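Trainee: I have the sequence and the model open, and I'd like to go through them with you. Start with the terms, please.

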Amino acid sequence: MDSNHGWPEPIIRVQSLSESGTETIPTRYIKPPSDRPSIAANSSPLSIPVIDMSAMSREEMASAMSAACREWGFFQVVNHGVRPELVRHAREIWRRFFHLPMEEKQRYANSPTTYEGYGSRLGVEKGACLDWGDYYFLHVLPSSLKNHEKWPALPPDLRDITDEYTRELLNLCGRVMEAMSIGLGLDPTRLQESFGGAEVGACLRVNYYPKCPQPDLTLGLSSHSDPGGMTVLLVDDRVRGLQVRKGSDWVTVEPILDAFILNVGDQIQSLFPCFQVLSNAIYKSVEHRVMVNAANERLSMALFYNPKADLPLSPIQELITPDRPALYKPMSFNEYRLYIRQRGPRGKSQVESLKTSQ
């Protein structure tokens with residue numbers, strides 16, 4: 001069960017802990033009281049916007065997505081053009097992977113160097129408080145990083161289904177990027193160009209949250225904002241878990257069948273000089289976290305659509321004005337990703353610490 005693979009401490013699979021029958025979770029997974037989920041957090045009447053992509057013109061969709069990004073940083077899309085049967089097949093085939101024998105999954109144990117493969121922790125800080133979840137991380141773009149040999153060979157059609165699924169999601173990302181660019185008053189291709197054009201990156205992380213005997217003491221994924229450009233998330237259609245911060249509230253997202261949840265990452269935020277957390281003046285990355293469940297396992301699939309890895313990102317010039325100076329210093333996605341890997345998920349402190357002094 002234990003295997004280091006370059007990690008600072010032996011890796012223990014959360015699924016193994018869950019299946020051991022333990023009635024208490026190890027101390028390493030217990031969050032500080034201020035970070036634990038609460039009943040009040042689960043009952044907020046607020047909900048993130050839902051956008052029907054088939055019922056709007058390009059301009060209407062741009063306006064709706066722009067408003068959602070400025071107000072929430074999150075929104076759900078329905079009738080998005082990705083076939084429902086493909087969506088459901090992808091989720092279920094990955095659920096089958098996590099139900100394989102542990103020795104089969106362990107063949108793909110990952111390391112902190114690339115994160116690609118089967119993992120159980122995100123940060124490399126020794127002695128860190130851990131999250132109640134396992135995952136599988138794989139590269140999709142650029143093609144130079146994509147290696148099917150590092151993708152699970154079982155179930156037999158997992159690789160083909162994942163290929164088709166990610167191709168469809170990349171098409172969806174292209175459409176959303178156009179709409180978000182238009183929503184900023186820019187040329188439809190401007191945001192994509194700022195990401196490196198055709199040289200964007202993409203990766204998939206499949207998250208598996210086993211049953212937890214003490215879900216009130218821990219989280220499946222600690223509060224964080226995503227480090228990349230944009231995330232397309234397929235949540236579990238049977239079990240709630242995702243929470244989004246709205247002011248002082250934590251809003252539990254109600255999953256819609258076959259919908260995707262999209263959110264803006266730190267790298268899109270850093271392109272826009274007028275980002276202000278309180279003003280909602282422009283697109284923003286937002287803290288979110290994942291709750292776990294005593295009665296049910298939960299699985300989600302996150303596609304991260306990222307800028308070209310070595311491209312220094314700086315605010316889009318058309319958006320810089322004397323009243324809206326650049327708030328963030330240039331940094332490539334590779335540099336920012338390494339910064340995050342050292343610390344693991346930590347609220348929004350990761351991006352706030354990169355601000356230039358004003």
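Mentor: A residue is called buried under 20% relative accessible area, exposed over 50% and partly exposed in between, using a 1.4 Å probe and protein chains only. This is a predicted model, so local features need pLDDT of at least 70 and side-chain atom pairs count only at pLDDT 80 or more, while totals for chains, interfaces and linings use all residues. Residues are numbered from 1 along each chain as its sequence is written, and side-chain values use heavy atoms, with hydrogens and water left out.

Trainee: Cysteines, then. How many disulfides does the structure hold?

Mentor: The count is 0, where a disulfide is a pair of cysteine sulfur atoms within 2.5 Å.

Trainee: And Cys173, buried or exposed?

Mentor: Cys173 counts as buried, at 0% relative accessibility. Cys129 is partly exposed, with a relative accessible area of 38%.

Trainee: Salt bridges next. How many are there?

Mentor: There are 17 salt bridges, each being a side-chain nitrogen of Lys or Arg within 4 Å of a carboxyl oxygen of Asp or Glu. One of them joins Asp131 and Lys31, at 2.6 Å from N to O. That pair links distant parts of the chain, 100 residues apart: Asp131 is in the loop between strand E3 (117-119) and strand E4 (134-141), and Lys31 is in the loop between helix H1 (14-19) and helix H2 (39-42). Helices (H or I, at least four residues) and strands (E, at least two) are DSSP runs, numbered from the N terminus.

Trainee: What is the relative accessible area of Asp131?

Mentor: It is 12%, so Asp131 is buried. Lys31 is buried as well, at 4%.

Trainee: Which residue does Glu297 bridge to?

Mentor: Glu297 forms a salt bridge with Arg95, with the closest N and O atoms 3.2 Å apart. The two are 202 residues apart, with Glu297 in the loop between strand E11 (288-290) and strand E12 (298-306), and Arg95 in helix H4 (residues 84-98). Glu297 is buried at 17% relative accessibility, and Arg95 is buried at 4%. Both belong to a network of salt bridges that also includes Glu92 and Asp236.

Trainee: Let's change topic. In what order do the strands of the open sheet run?

Mentor: The open sheet has 8 strands in the order E1-E2-E10-E7-E12-E5-E4-E3, with mixed pairing. Two strands pair if DSSP finds at least two bridges between them. The edge strands are E1 (50-52) and E3, each pairing on one side only.

Trainee: In which sense do E7 and E10 pair, parallel or antiparallel?

Mentor: Strand E7 (residues 230-234) and strand E10 (residues 260-264) pair in the antiparallel sense over 4 bridges. In that pairing, Thr231 stands opposite Asn263 in E10.

Trainee: Last topic, the rings. How many aromatic pairs are there?

Mentor: There are 11 aromatic pairs. Rings of Phe, Tyr and Trp (its six-membered ring) pair if their centres lie within 6.5 Å, and planes under 30 degrees apart count as stacked, over 60 as edge-to-face and the rest as tilted. The ring centres of Trp94 and Phe97 are 5.6 Å apart and their planes stand at 70°, so that pair is edge-to-face.

Trainee: Where do Trp94 and Phe97 lie?

Mentor: Both lie in helix H4, 3 residues apart, about one turn of the helix. Trp94 and Phe97 are both buried.
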